Structure formats: C-alpha cells, structure tokens
Amino acid sequence: MKTLLRGAIAASLLAGSALVATPALAQDESEISVSANVAMVTDYRFRGVSYSGGDFAIQGGFDIAHSSGFYIGTWASSLEPTSTGYGNTEVDIYGGYSGAINDTVSFDVGLLYYMYPSASGDTDYYEPYASVTAALGPAEVTAGVAYAWDQDSTANQDNLYLYTDVGFGVPGTPVTISGHLGYTDGVWSPETYSDFGTDDQTAFDWSIGASMAVFGPLEAGISYVGVEAPSNDDIQFGPVMNDTIVATLSASF
C-alpha cells in the first residue's frame, strides 16, 4: 500500500515499516483489519529529493483493509517549509484494491491524493498507481508505475514515475536487504528545483538498505539514497538532493 508508493525509496526503509494487520472494527474478524505505523527518519526523501531539508522528520499512518482486497488509508509526514514550499505538513489519503494473481504473484492498484494543509496556493494533487509483486526464490520483486495527470497544482504538466523494488531476508539472521530504482519523467523531476533552466525533465533515483527488528514492533533501518540531480549550489528552493545515508526507527501495529 502506502509504503510501495510514497517514498518509493527501498519500499519500507524511508516511509516506515511494512504494515502488520491487526483485526478490529468488525464482528467477523476475518472481514476487516486495521494496521498502523509510526516512524522517525533522519531525512524524508521522496523519489530522491529531500522534503525535510536534509533534517529529521516524523511520519505515520494507518490502513483499513477488507478481506475482499479493497483498502483505504492515510499517511502524514513533517516537512521543512523553506525546503519544499509545501508548508510544514504533508497528509496523503489513498484507496485501492490488491489481490493475488497466483501463489507467487500479487497486484495493487489505487489512487493517492497528496495534501499540504499549511501551504499557500494550489499544491494538492492526485496520482493513480499500480504495481505487481512476485516472489522469486528468497527474494520479493515489485515493479510499479505512478502517473499524475495535468493538474493546476502541477503547473498543468504531467509526471510519470516508474520503479522497481527488491527485498530478501538474509538466511539465519533478522536482517532484510532491499534495493530500489526509480525513473521520473515530468514536472517532478529534480530539475524542477534547480536554476539550470534545462528542458530535461527525466531523472533516476536509487537506494540500497538494510532493516531488522530490534524489540517488539520496533524496527531499525539504514539506507543509502542517491538521485540524478543538480548540485545543491544551484537549488532554487532549498531541497537537498545530494546522495545521503538515511536512518529509520519505526514501529508497526
């Protein structure tokens, strides 16, 4: 769900852990499940670009899922206002449908709405998404796409994001290794934040990381994040786009 899309940086390492469902809110516990997550990150990176100015951020969300495969959820993060121009808070609302194609392949489709309550101007926008996940031996591989069509808040331009994630547990250890590669083509390319004036609106972002359970629901993670982007000396609004190491402490319920 959320962790496959927002953040799109090594799946759960930057936007919180994978959610663990806890039955609730229904007489038949097999029908509806509720899960929640909270996280502290040393930098909130969205597709390689820092939305917290390279500083600490607090994040969290929850999901309600039905046994049929339909789900809804919300997720929020603190921001650095001078870094993004989006104010100090991001709140996302999303809904979709996920299911199994066979024993080893599953899919997820949905619509995500990005909101920035404290921002000035028209900043909110919609982004449909879809992904397919397959178990390949000990690894789990996800390929996904997200597309934001022309909207007032996107300067009447669109944006295509393609990504693939891979993760696997290290045998005999509690450690999970994950990798991510993403490709942006459109208005949310890192070039948007620069003074270069280039017409190139494409960029790659990537990461590699590791995570492990530390106590109860707590999980710690660390990842190295990179993105094709202009030097920080040429940044217009202040986002940080240099390669960096991001540490995460999260909990899922």
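Tutor: First, a term: two strands pair if DSSP finds at least two bridges between them. Helices and strands are themselves DSSP runs, numbered from the N terminus (helices: H or I, at least four residues; strands: E, at least two). This model is predicted, so local features need pLDDT of at least 70 and side-chain atom pairs pLDDT 80 or more, while totals for chains, interfaces and linings use all residues. Numbering starts from 1 along each chain as its sequence is written, and side-chain values use heavy atoms, with hydrogens and water left out.

Student: OK. How many helices and strands does the protein have?
Tutor: The protein has 3 helices and 15 strands.

Student: Show me a hairpin. How many residues sit between the strands β13 and β14?
Tutor: There are 2 residues between them. In that hairpin, Gly 216 takes a positive phi near 55 degrees. Strand β13 covers residues 202-215, and β14 covers residues 218-227. They pair in the antiparallel sense over 10 bridges. As an example, Trp 206 stands opposite Gly 226 in β14.

Student: Which strand pairs with β13 over 11 bridges?
Tutor: That is β12, residues 175-186, also in the antiparallel sense. Look for Thr 176: its bridge partner in β13 is Ser 211. One general point about strands: in a regular one, side chains alternate between the two faces of the sheet.

Student: And Thr 202, is that buried, exposed or partly exposed?
Tutor: Thr 202 is partly exposed, at 27% relative accessible area. The cut-offs: buried is under 20%, exposed is over 50%, partly exposed is in between (1.4 Å probe, protein chains only).

Student: What does Thr 202 touch?
Tutor: Leaving out residues up to four places away in sequence, Thr 202 touches Tyr 183, Thr 184, Asp 185 and Ser 189. Contact here means heavy atoms within 4.5 Å.

Student: What share of contacts joins residues at least 24 apart?
Tutor: Among contacts between residues at least 6 apart in sequence, the share is 51%.

Student: New topic. What share of the protein is buried?
Tutor: Buried residues make up 44% of the 253 residues.

Student: Which residues have the most contacts inside the largest nonpolar core?
Tutor: Tyr 44, Tyr 51, Tyr 116 and Tyr 125, in a core of 26 residues. Several strands each supply at least two of its residues: β5 (57-66), β6, β8 (105-115), β9 (125-136), β10 (139-148) and β11 (159-169). A nonpolar core is a set of buried Ala, Val, Leu, Ile, Met, Phe, Trp, Tyr and Cys residues joined through side-chain atoms within 4.5 Å.

Student: What does Tyr 125 touch?
Tutor: Beyond four places away in sequence, its contacts include Phe 46, Leu 112, Tyr 116, Ala 148 and Trp 188.

Student: How many aromatic pairs are there?
Tutor: Rings of Phe, Tyr and Trp (its six-membered ring) pair if their centres lie within 6.5 Å; planes under 30 degrees apart are stacked, over 60 edge-to-face, the rest tilted. That gives 15 aromatic pairs. Take Tyr 44 and Trp 75: their ring centres are 5.6 Å apart and their planes at 65 degrees, so the pair is edge-to-face.

Student: Where do Tyr 44 and Trp 75 lie?
Tutor: Tyr 44 is in the loop between β2 (32-41) and β3 (45-46), and Trp 75 is in strand β6 (residues 70-78), so the pair ties together parts that are 31 residues apart in sequence. Tyr 44 is buried at 0% relative accessible area, and Trp 75 is buried at 2%. Both belong to one aromatic cluster, whose members include Phe 46, Tyr 86, Tyr 125 and Trp 188.

Student: What does the side chain of Asn 159 reach at 3.3 Å?
Tutor: The backbone nitrogen of Val 187. A polar atom of the Asn 159 side chain also lies 2.9 Å from the backbone nitrogen of Trp 188. Asn 159 is in strand β11 and is buried, with 0% relative accessible area.

Student: Last one. Where is Asn 156?
Tutor: Asn 156 is in the loop between β10 and β11. It is exposed, with a relative accessible area of 51%. Its phi is positive, near 55 degrees, in a residue other than glycine. Ala 155 is in the loop between β10 and β11 too, with a positive phi of about 55 degrees although it is not a glycine.

Terms used
A polar contact is a pair of N or O atoms within 3.5 Å; within protein, one must be able to donate a hydrogen and the other to accept it, and residues adjacent in sequence count only if both atoms are side-chain atoms.
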